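Okay, thanks for coming, everyone. Let me put the thing up on the screen and then walk you through a few bits of it.

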Amino acid sequence: MGSMFRSEKMTLCQIFLAPEAAYNNMADLGELGCVQFRDLNHDVTNYQRKFVNEVRRCDEMERQIRYITRELEMEDIKLKDVYDDIPGAPNPREVSELEAQLEKAECEIREMSENNVNLKSNLLELTELCKVLEKTQTFFTEQTVIDMEEHANSGTFTGEQRGHLGFIAGVLSRQRVYAFERMLWRISRGNMLVKHADIEEPLQDPRTGIMTYRTAFVVFYQGEQLNARIRKVCTGFHASLYPCPNVHHERDDMLRGVRTRLEDLKLVLKRTQDQRNCILAAIAKSLPIWSIKITKMKAIYHTLNYFNIDVTSKCLIGEGWVPTLDLELVQQTIANGSATAGSTSSFLTILQTKKSPPSYYRTNKFTRGFQTLINAYGMASYREVNPALYTCITFPFLFAVMFGDLGHGFIMFLIGFWMVIDEKRLLRVKGGEIWRIMFGGRYIIMLLGLFSMYTGFTYNDTFSKSFNVFGSKWRINYNTTTVLTNDVLILNPSTDTIGTYPWGMDPIWQLADNKIIFYNSYKMKLSIIFGVLHMIFGVCLSVENMVYFKKYAYILLEFVPQVLFLILLFGYMAFMMFYKWVQYSPTTDYEPNQPACAPSVLIYFINMILFKASPKLAGCDMYMFSSQVTVERVFWIVALFCIPWMLIGKPIYIQCVRAFEKRGRREEYVEKIDIQEGDIVIEATLTDPVPHAHHEDEDDEEEEPISEIWIHQGIHTIEYVLSTISHTASYLRLWALSLAHAELSYVLWLMVMQKGLHFGGYPGAIGVYIIFWAWALLTIAIMIFMEGLSAFLHTLRLHWVEFMSKFYSGTGYPFEPFSFTAIFEASEED
């Protein structure tokens, strides 16, 4: 857990790689995943880098992989996922063989695809011709066509219209038939006849594979000029024209021949498709391995382009961040890779720098989900306190306060437990982004359910029902107390209790009509108490940052006034809640401490701020304890004093430190030197500082002007003072969502499940069965998923805003090492 409290210590290293061993070294470092390389050629374009040709070569092979993958998807051939035996990066001598295999596979698939397209084109043409011949049989026997032929032979048409009656047959897209007819009507001025019939079966386009509906047509006309015009129109509408004999028996003979050719062509297509599937299946076995090798090789050359080329020393020089704990492992990996390549000139050195290192946390399956929640807000600054360590407990607990139901929590726990137990199989399931998010947070879901079971047991709430586990501690005497009026049960703790329920809520509160008043007061006060404790803990965590970064003065200038302001106001209010519970007991014998005299803590707090006296009830004390007024005024005055303390303390301190450092540097740079000219000795003063060594990429942090420091501190002070009030009120969402969840669960039971329990007889059993599943579906959909998501988002907000704002800056950047595993995970998410 050391690396969870703070990010790991990082070291900037300079890596020298021999050219003959650079590829092997980078392959080993990619498998190790411990080095984040810096781009030392950021001012050089991609086309001017050393290994641009190798990267292009990998791009071409990736293009071939994508083409083959598309062809496999078209044939519904699934690629086998490689999880266990993942190949390593290929050796440079294996690249030529891999490239040849891919080129051969691409050529084979392209040749088969072209042949398949040609065969399907022939099949489409023969199918359309067959349909045309079948449909024209009816066209030539219709009375309209016969009458038109008789008119043409008898000379009814005059001039250019008189002559032989011709026709053109073809196939057209069904959507263009209406426009096609109108165009023919216009160009012929109505001197033609168009007959068409829809083809019932959709026909497949040989290149795109899209199924389209076609229509067979025949256009009867007279004259060669109309023939040319009609053919131009058919070309414009992308109609396919086919020859059709005039004589009936010739059409029959042609139709039989076309059908025979169709059967032969379908047989050839089937055998060709079987052969294509066999070849694609053989390629599919090797394609995942080829893809992994190419991805690793491209990543290696892409990372090597970050290196500088030292021509004189004949080596590659790179820089990268390495976790300090992994330095020895990285050095050993580089040495082993160099020995494998027969070289000994690769090594690693440590650089001193003032650059801010990346933040890196070693997480496991349990902590990764919580760390992801924190990183979604902002990556922690280097070596800053990590909230994820405490979020592992506080996040499920605050969620459970709002989602307190034993039954609902148990269902949520089962969902998370199932994903945890079966995680090896579910890890391979590709269910989209929502599934990845849920599966990544499986341990969070399991803890949310477990903590909700705890708070549900405390609330004694299971699907809006209670269990009498320890026996009720209420004994109601209906003869001496007036608790029942018109079937209304009002519980009075001063007269009806015989003890205290051992844990949680007494089940009799489920029957009481004043349970909402009781739960409202109980949960509202708890939410304020939990909120104040959570914020105080966040403010205290800021001390860890101050001590680690050696800003000890900030403890007095920032932490002390902040924590005093929070404790003296809202911490005091939380204390008064506890004191009120203890002081005003329903069994007390002292009259001023009777429950009727219990004051409102909120009214006390408001009067404390306004310096007003609290109202006094008859027979009751005005205050809870004798020195309450003095204590409250002292607390309020000290809290007011903390505001200017926070406002001016830090800027004045920074101004004094800068003045002291400036005077110290002036004294440090002043050196007295003696210059002797003859017998005269002259004392001279050198005031110019000596230039210091500086890394070429090192960041020089300019001093922030003192005026901006005053402005920022003023904004920070105002924000803290106002946010202390708003954040405390924000924790009331714990109370509001808890009550809403309990009441919604009660309404769901009352309006759905309880209705079914009133049915009788055998029909009632069927009705109960149906209503139970309706109630269960609504419970899972509304109470678990919708209410659970709402409580999750509210809990996330309480941590991001109310808790982490007290100590967390989140201005760092993540550690993104050169890792093959990370590359493959990112590609799967895409």
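This is a predicted model: local features need pLDDT of at least 70, side-chain atom pairs count only at pLDDT 80 or more; totals for chains, interfaces and linings use all residues.

The protein chain has 830 residues, and 43% of them are buried. In terms of secondary structure, we've got 23 helices and 13 strands. If you take the contacts with a separation of 6 or more, 80% of them come from residues 24 or more positions apart. The accessible surface of the chain is about 46200 Å², and carbon and sulfur atoms account for 59% of that.

Now, the helix pair. Find α11, residues 388-402, and α15, residues 442-459: their axes come within 8 Å and cross at roughly 50°. As for handedness, the α11 and α15 crossing is right-handed. If you want to click on side chains, α11 brings residues including F395, F397 and F399 to the contact, while α15 brings, among them, L447, L448 and F451.

Last stop, I706, which sits in helix α20, residues 706-730. Ignoring neighbours within four places in sequence, I706 touches P651, Q655 and R658. R658 is 48 residues away from I706 along the chain, and their C-alpha atoms are separated by 9.7 Å.

Okay, over to you.

Note on methods:
Residues are numbered from 1 along each chain as its sequence is written. Side-chain values use heavy atoms; hydrogens and water are left out. Axes are lines fitted to C-alpha atoms, for helices over the stretch in contact, and angles run from 0 to 180 degrees between N-to-C directions. Helices (H or I, at least four residues) and strands (E, at least two) are DSSP runs, numbered from the N terminus. A crossing is left-handed if the near helix is turned anticlockwise from the far one by less than a right angle, and right-handed if clockwise. Contact means heavy atoms within 4.5 Å. Buried means under 20% relative accessible area, exposed over 50%, partly exposed in between (1.4 Å probe, protein chains only). Accessible areas come from the Shrake-Rupley method with a 1.4 Å probe; for residues, only the protein chains shown count as cover.
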